[in-house]
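The following account leads through one structure, from its overall build to individual side-chain pairs. Please keep the sequence and the coordinates in view while reading.

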Amino acid sequence: MTQTAVKNSVTDSCLTLKGVSWSQFESLEAAFESVGGIKFAYLDGILEIMTVSPEHEETKSTLSVLLEAYLREKGIRFYVKGGPTLGSKELGARKEPDESYNLQSKKAIPDLAIEVVFTSGGIDKLQLYKRFGIPEVWFWEDGVLSIYYLREEYEKVDRSELLPELDIALLVRYLTYFDQYDAVTEFIKALRE
């Protein structure tokens, strides 16, 4: 196992290792089982170990409560799946999304996965999600919400294919609001206008 990259930021940090077998990955994951604030991603021998900052969690939570407010306001049935561990040795991949949802009914695989990125490593997250068969993935990075929809490959789209009525600019405006509670309150008011 060789270390290939370490990238630090003020908030999160990520260690990327190459040449990691599945059994080595599982051993490392088990060793960190009781340590909070650490997430793992694995794809074909590449392992990312990432610490998760309070800023990361706050951004993820704000995006989640805004999305859930939208879904409730529009009467769209949804099920929060959270960050379940997805993948298997057979897929050669495993990852926990920051947040995920099923729309309309409960399913084994989320319809929508959300990733909040403060720092990144060497794993192509879209390749991970493609192996899991998740139809839509949202990335929040550097103040931009990027949406990808799975066809043959993931294609970057201007608006959600699952939620085509959702005004992305409005969502982003309140995602960057100064206060989470006020953001949700004002977002709901704007949706009702």
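At 7% relative accessibility, Y174 counts as buried, where buried means under 20% relative accessible area, exposed over 50% and partly exposed in between, with a 1.4 Å probe and protein chains only. Its partner in an aromatic pair is Y177, a residue that is partly exposed at a relative accessible area of 29%. The two rings are 5.1 Å apart centre to centre with 55° between their planes, a tilted arrangement. Rings of Phe, Tyr and Trp (its six-membered ring) are taken to pair if their centres lie within 6.5 Å; planes under 30 degrees apart count as stacked, over 60 as edge-to-face and the rest as tilted.

The model is a predicted one, in which local features need pLDDT of at least 70 and side-chain atom pairs count only at pLDDT 80 or more, while totals for chains, interfaces and linings use all residues. Residues are numbered from 1 along each chain as its sequence is written, and side-chain values use heavy atoms, with hydrogens and water left out.

The confidence of the prediction comes next. The mean pLDDT (the predictor's confidence in each residue, from 0 to 100) of the protein chain is 91, and 93% of its residues reach 70 or more. The pLDDT is below 50 over residues 2-11, a stretch that has 22 contacts in the model beyond near neighbours in sequence; contact here means heavy atoms within 4.5 Å.

The protein chain contains 5 helices and 12 strands, defined as DSSP runs numbered from the N terminus (helices H or I, at least four residues; strands E, at least two). Its radius of gyration is 17 Å, close to the 16 Å that the globule rule gives for 193 residues, so the chain is as compact as a globular protein of that length. The radius is taken over C-alpha atoms, and the rule is 2.2 Å times the number of residues to the power 0.38. Along its principal axes the C-alpha trace spans about 55 × 35 × 30 Å. Of the 193 residues, 45% are buried. Among contacts with a separation of 6 or more, 54% join residues 24 or more positions apart.

Which residues touch the most other members of the largest nonpolar core? They are W138, L163 and F187, within a core of 30 residues. Such a core is a set of buried Ala, Val, Leu, Ile, Met, Phe, Trp, Tyr and Cys residues joined through side-chain atoms within 4.5 Å. At least two core residues come from each of α2 (54-73), β8 (99-103), β9 (112-117), β10 (136-141), β11 (144-150), α4 (168-175) and α5 (180-192). A113, L126, Y129 and Y154 are among the members of a second, separate core of 17 residues.

The aromatic side chains give a further view of the packing. There are 11 aromatic pairs in the structure, and W22, F25, F32, F40 and Y42 form one aromatic cluster. Leaving aside neighbours within four places in sequence, Y177 is in contact with D182, A183 and E186. Y177 and Y70 are 107 residues apart in sequence, with their C-alpha atoms 16 Å apart in space.

Charged side chains form 12 salt bridges across the whole structure, each being a side-chain nitrogen of Lys or Arg within 4 Å of a carboxyl oxygen of Asp or Glu. One of them joins D44 and R131, at 2.5 Å from N to O. D44 lies in the loop between β3 (38-43) and β4 (46-51) and R131 in helix α3 (residues 125-132), so this pair ties together parts that are 87 residues apart in sequence. D44 counts as exposed at 52% relative accessibility, whereas R131 is partly exposed with a relative accessible area of 31%.

Another salt bridge links K60 and E57, whose closest N and O atoms are 3.4 Å apart. Both residues lie in helix α2, 3 residues apart, about one turn of the helix. K60 counts as buried at 16% relative accessibility, while E57 is partly exposed at 31%.

E155 forms a salt bridge with R151, with 3.5 Å between the closest N and O atoms. E155 is partly exposed at 38% relative accessibility, and R151 is partly exposed at 39%. Together with E161, these two residues are linked in a network of salt bridges.
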